[in-house]
Amino acid sequence: MPTSVLTFAEKKRRHERIVVITAYDAITATMVHTAGVDAILVGDSVGMVSAGYETTLPVTLEAMLYHTSSVARGARGAFIIADMPFLSYQCGHDDAVRNAGRFLKEAGAHAVKLEGCDPALVRRLVSVGIPVMGHIGLTPQSVYAFGGFRAQGKTAESAAHLVEQAKALDEAHCFSIVLECVPATLAARITQSVKAATIGIGAGVDCDGQVSVIHDLLGLSTGYLPKHAKRYAEFYKEGLTAIRSYVDEVRSGIFPAAEHSIDATEKPKPAPLTEG
Ligand code: KIV
């Protein structure tokens, strides 16, 4: 059975952990889908891990539509959640509905994710058939309001505020809520108090599922790795070694060898075209 919003509820009920990974292009989406995740998040983190921005704020609606459609082509049959970028849903509900709808209508997403807590907007989107994943805690689009990328919910007041937000999003029918960089005990409390499946990132093991950024997981970055992230591979280091070998081989004339060169007598073997 392909994943749907119902899978999130079902897995929460059965205490089966939900696995989500980000992807931004067709080939990583194929990898993530083939590995058997429950859902792919096309996060606006693409702005930081791939486009080189220092925050997610510059990411545009058009860029997110492009990345979402790339992911949808690479991972047919996957459940795809598209992140709505900064100012694509904060400037009035009519615009927000229209923009969210484009992810489903044009880009192949099955749900959208919104940062913060606007239950009236969530209700409106759900009422027109757009499933919504909430996102509270460290919401990167508010980085300047927070004074930096800071964990949230560490004081009693801030924890109570997050519990209230989670309940409001749950009552507005978010099918799932991302909890980012909040204390594990608070995430566990929220998880128990809402029907929506909680998906943690830096929120401990007691969430209903986890989401990781693909570049962190694959080691496809040069610098800072957030405390909550775990590297499962060293793609940057291995890629660099491969690229250096190529540079050396081209300079020394080892590449291209005879087998990489076109022989005038050889019958052409065109690369297969995939459908779709
Ligand atoms: O943009 C993103 O990748 C996200 C996840 C970190 C939850 O919002």
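Student: What is the volume of the largest pocket?

Tutor: The model is predicted: local features need pLDDT of at least 70, side-chain atom pairs count only at pLDDT 80 or more, and totals for chains, interfaces and linings use all residues. Residues are numbered from 1 along each chain as its sequence is written, and side-chain values use heavy atoms, without hydrogens and water. A pocket is an open set of points on a 1 Å grid over the protein atoms alone, where a 1.4 Å probe fits, with protein on both sides within 12 Å along at least five of seven lines. Its volume is the space filled by probe spheres set on the points, which are joined across faces, edges and corners; for the largest pocket this is about 1100 Å³.

Student: Which residues lie nearest the centre of the largest pocket?

Tutor: Lining residues have an atom within 4 Å of a pocket point. The lining of the largest pocket has 40 residues, and those nearest its centre are Glu180, Asp216, Tyr224, Pro226 and His228.

Student: Which elements give two or more residues to the lining of the largest pocket?

Tutor: Helices (H or I, at least four residues) and strands (E, at least two) are DSSP runs, numbered from the N terminus. The elements that contribute two or more lining residues are helix H3 (46–49), strand E6 (176–180), strand E8 (209–212) and helix H10 (214–218).

Student: How many residues of this lining are charged?

Tutor: Ala, Val, Leu, Ile, Met, Phe, Trp, Tyr, Cys and Pro count as nonpolar, Asp, Glu, Lys and Arg as charged, and the others, Gly among them, as polar. The lining of the largest pocket has 18 nonpolar and 13 polar residues, and the number charged is 9.

Student: How many salt bridges are there?

Tutor: Side chains of opposite charge can pair when their charged atoms come close. A salt bridge is a side-chain nitrogen of Lys or Arg within 4 Å of a carboxyl oxygen of Asp or Glu. Glu10, Arg13, Arg14 and Glu16 form a network of such bridges. The count by this rule is 11.

Student: How many residues apart in sequence are the parts tied together by Asp208 and Lys12?

Tutor: The side chains of Asp208 and Lys12 form a salt bridge at 2.8 Å, N to O. Asp208 is in the loop between strand E7 (197–201) and E8 and Lys12 is in helix H1, so the parts that the pair ties together are apart in sequence by 196 residues.

Student: Are Lys11 and Asp38 buried or exposed?

Tutor: The two side chains meet in a salt bridge of 3.0 Å, N to O. This pair links distant parts of the chain, with Lys11 in helix H1 (residues 5–14) and Asp38 in the loop between helix H2 (26–34) and strand E2 (39–42). Buried means under 20% relative accessible area, exposed over 50%, and partly exposed in between (1.4 Å probe, protein chains only). Lys11 and Asp38 are both buried.

Student: Is Arg98 buried or exposed?

Tutor: Arg98 and Asp95 form a salt bridge of 3.0 Å, N to O. They are 3 residues apart in helix H5 (residues 93–105), so about one helical turn separates them. Asp95 is partly exposed because its relative accessibility is 36%. Arg98 has 54% relative accessibility, so Arg98 counts as exposed.

Student: What is the C-alpha to C-alpha distance between Thr55 and Asp44?

Tutor: Thr55 is in the loop between H3 and helix H4 (61–74), and counts as buried because its relative accessibility is 10%. Thr55 and Asp44 are 11 residues apart in sequence, and their C-alpha to C-alpha distance is 9.4 Å.
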